[in-house]
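User: I have just opened this model and would like to learn how to read it. Please take me through it one question at a time.

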Amino acid sequence: MKNKFEKYTSVHVCVYVIGFLDLAAVSMIFPLLLTYARNMGASHFFAGIIGSLYGGLQLFSSPLVGSWSDVRGRKFVLQICFLVSGTSYALLGVAPDLSFVILARVMAGLFKHSQTLCRAYLADVSLHNTESGVFGRFNAMSSLGFIVGPPIGGHLAEAPHGFFWVCTIGASVFLLCGGLVWLLIPDVKPINTSKAQENAGVMQIIHFIRQIKWLNHWDHLLVRFFLSFAVLIYRSNFALLLEYTFNFSAKTVGYLISFQGIVSAVSGFFVGTLTHWYQYQTKLLLFVAVIQTLSLVGLTYAPTTLILMCFLVPLCISNAVGRVSITKITVDRCHKDEIGSVVGLGQSITSMGRLLSPLVAGFAQSISVHGPGVSGAGSAAVGAIILSMMSKKQTIAGLKKD
């Protein structure tokens, strides 16, 4: 088995680079999108709808595109996703009115699944005992892209026709990624993929999704929702909380957000080493959920900047480790020919959190400025309770097996 996957070492590096370029392009454009829509005449409410459109479409398209890659092959679907995503961002840069902006966001919402497909591909070509390290390095490289992209986009946006150039460069990066996939990524088709499946249409893909034993996945998908929702709802209120508690300027808040990205990126490179300390990923994720809960409580009520930083670091580290750990649990539960579908559904769960978190944060914030932080800590605590039950069940099963 080892010899079978040794040839993919250079491919891993290529996928890491693609992950970096992908999120660098996204983060160049995304912070400017709502301002661009408002400048084109969109109301605050309509701009919010445009912002939510992407996440709403991802909710439904992630499992479909993931399953499509299961039956058609990761390489082909990745190329299509990069091609359509690049086209959507190019269209966004030359959009004459809001209808074209909506069209561009619809295209991206339906096909921008490159991160999900890259993780599924890495699961296909990695040895079982190296997957955590592989996912950690991929997440770390992607996080680096999110650190590099916003400053580049911000500087370009200040130039004449700046948004056009930001979108053009972003679209070019997506097309470059598609070219790298075409030239350097060997196709690895899932096990048991028949010729009939390769030619499957939408209805056949939906039928394939229905054949998956979803009852085997409900618990870790539920955990994914609560842990991701906990961080998302806190981040919805992060800038306001810092302004209210410490009177931080927007510039200072920006530096703190970049600091979080750096800590998360560095943490990703060490996740593989950390996972060797735990026999079961569930126990590691339980530890992550507890740290996340305590960190969110500490951040919400931190009286000084020093204490704030002391809780911010473990939150970033636990979030980085948790993303890898939940992906590893998801992949371990899957048969090889359903990885794309289940990982895609996991992405849909995160997208659901992105849709709900601003609404819950707004309601909680109307009660108290600390409301979103407390709600986030509560969500993480629920995830920890579910994980505790999963860990106990796993331990009992292990004892019976012995």
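User: Which residues in H4 meet H6?

Analyst: Good place to begin! This is a predicted model, where local features need pLDDT of at least 70, side-chain atom pairs count only at pLDDT 80 or more, and totals for chains, interfaces and linings use all residues. Residues are numbered from 1 along each chain as its sequence is written, and side-chain values use heavy atoms, with hydrogens and water left out. On the H6 side you will find Ser-114, Leu-117, Cys-118, Ala-120, Tyr-121 and Asp-124, and they meet these residues of H4: Arg-74, Val-77, Leu-78, Cys-81 and Phe-82.

User: Is H4 roughly parallel or antiparallel to H6?

Analyst: Helix H4 (residues 74-93) packs with helix H6 (residues 114-125) at an angle of about 165°, and their axes are 10 Å apart. Given that angle, H4 and H6 are roughly antiparallel. Axes here are lines fitted to C-alpha atoms, for helices over the stretch in contact, with angles from 0 to 180 degrees between N-to-C directions. Under 35 degrees counts as roughly parallel, 65 to 115 as roughly perpendicular, the rest as oblique, and over 145 as roughly antiparallel.

User: How many helices does the protein chain have?

Analyst: Helices (H or I, at least four residues) and strands (E, at least two) are DSSP runs, numbered from the N terminus. By that count the chain has zero strands, and its number of helices is 18.

User: What percentage of the contacts with a separation of 6 or more comes from residues 24 or more positions apart?

Analyst: A contact means heavy atoms within 4.5 Å. Take the contacts in the protein chain with a separation of 6 or more; the share from residues 24 or more positions apart is 85%.

User: Is Lys-328 buried or exposed?

Analyst: Lys-328 lies in helix H16 (residues 305-333) and touches His-128, Glu-131, Ser-132, Phe-135 and Gln-281, leaving aside residues up to four places away in sequence. Exposed means over 50% relative accessible area, buried under 20% and partly exposed in between (1.4 Å probe, protein chains only). Lys-328 has a value of 4%, so it is buried.

User: Which residues does Gln-260 touch, not counting residues up to four places away in sequence?

Analyst: Gln-260 has its place in helix H13 (residues 250-268). It counts as buried because its relative accessibility is 8%. Its contacts beyond four places in sequence are Arg-235, Phe-238, Leu-312 and Cys-316.

User: And where is His-161 found?

Analyst: His-161 counts as exposed, because its relative accessibility is 66%. Its phi is near 55°, a positive value in a residue other than glycine. As for its place, His-161 is in the loop between helix H7 (131-157) and helix H8 (162-184).

User: How many aromatic pairs does a search of the whole structure find?

Analyst: Rings of Phe, Tyr and Trp (its six-membered ring) pair if their centres lie within 6.5 Å; planes over 60 degrees apart count as edge-to-face, under 30 as stacked and the rest as tilted. Ring pairs link Phe-82, Tyr-89 and Phe-174 into a cluster. For the whole structure, the number of aromatic pairs is seven.

User: What separates Phe-225 and Phe-229 in helix H11?

Analyst: Phe-225 and Phe-229 form a stacked aromatic pair, 5.3 Å centre to centre with 15° between the planes, and both are buried. Because they sit four residues apart in helix H11 (residues 218-236), their separation is about one helical turn.
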